[in-house]
Amino acid sequence: MFDYAFKPGEAVIDVVPGKAITGMARPENAEGLRRIMLIERHGRGVSLQAEGADGDGPAGLGLVGKHIGRGWVRGFTITGGAIASTIGHDSHNVCVVGDNAADMMTAVEAVGQGGHVLVRNGEVVARIPLALGGLMSEGTAEDAAAQHDDFMTKRAPWVLSRRSTPSWASSFCPCRSSRRSASAPRACSTLQPSPTPTSHQGRS
């Protein structure tokens with residue numbers, strides 16, 4: 001499910017360093033691109049899977065285009081790893097960006113109740129647990145600060161610019177309002193799972 005092919009000329013998200021607003025591009029090849037997925041985490045796809053939505057395919061495949069969105073993004077420098085986060089405006093589902101399917105899957109599995117996860121070469125190297133709705137920590141301020149500092153240090157090789165980090169940029173990619181132009185939503189239309197009611201936005 002995490003391994004899918006790029007189609008020349010398809011719309012991709014174009015990250016603008018230091019900006020929440022993204023653009024759209026239609027490259028002819030996958031050079032410089034990273035896979036990006038948005039996975040609904042509030043349980044609405046579970047019943048579909050119970051009804052056999054996946055068929056004979058891998059778990060989750062039957063939810064693609066409904067509760068799982070897949071696409072491509074340009075502007076991330078992630079190499080040999082992936083980053084996943086449950087902070088993603090406005091529904092705070094799981095957004096994962098990476099350069100290989102295995103690390104993306106590892107990052108999503110490691111998110112748990114929520115937070116930021118950094119995976120490099122198959123290993124979870126940093127994590128900021130946010131168990132309260134995927135947005136807030138259950139730990140002390142000192143614990144959260146230490147986890148944040150560790151995360152920021154270990155993600156340093158993947159910084160987009162002085163004002164734009166992978167975790168910051170990925171939190172705005174799922175947001176429809178982050179698109180710059182009227183045509184840009186088409187770049188991310190497949191990334192949008194079905195809208196999640198506010199009442200479901202709690203612990204996953």
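Me: Which residue in β4 is the bridge partner of isoleucine 13?
Reply: This is a predicted model in which local features need pLDDT of at least 70, side-chain atom pairs count only at pLDDT 80 or more, and totals for chains, interfaces and linings use all residues. Residues are numbered from 1 along each chain as its sequence is written, and side-chain values use heavy atoms, leaving out hydrogens and water. Strand β1 (residues 12-15) runs parallel to β4 (residues 68-74), joined to it by two bridges. In β4, isoleucine 13 is bridged to valine 73.

Me: Which are the edge strands of the sheet?
Reply: Strands (E, at least two residues) and helices (H or I, at least four) are DSSP runs, numbered from the N terminus. Two strands pair if DSSP finds at least two bridges between them. The open sheet has eight strands, in the order β2-β1-β4-β3-β6-β5-β7-β8, with mixed pairing. Two strands each pair on one side only, and these edge strands are β2 (22-25) and β8.

Me: At what angle does α3 run to β8?
Reply: Helix α3 lies across β5, β7 and β8. Angles run from 0 to 180 degrees between N-to-C directions, with axes fitted to C-alpha atoms, for helices over the stretch in contact (heavy atoms within 4.5 Å). For α3 and β8 the angle is about 140°.

Me: Why is leucine 135 called partly exposed?
Reply: Leucine 135 sits in the loop between β8 (123-129) and α3 (141-154). Buried means under 20% relative accessible area and exposed over 50%, with partly exposed in between (1.4 Å probe, protein chains only). Leucine 135 is therefore partly exposed, because its relative accessible area is 38%.
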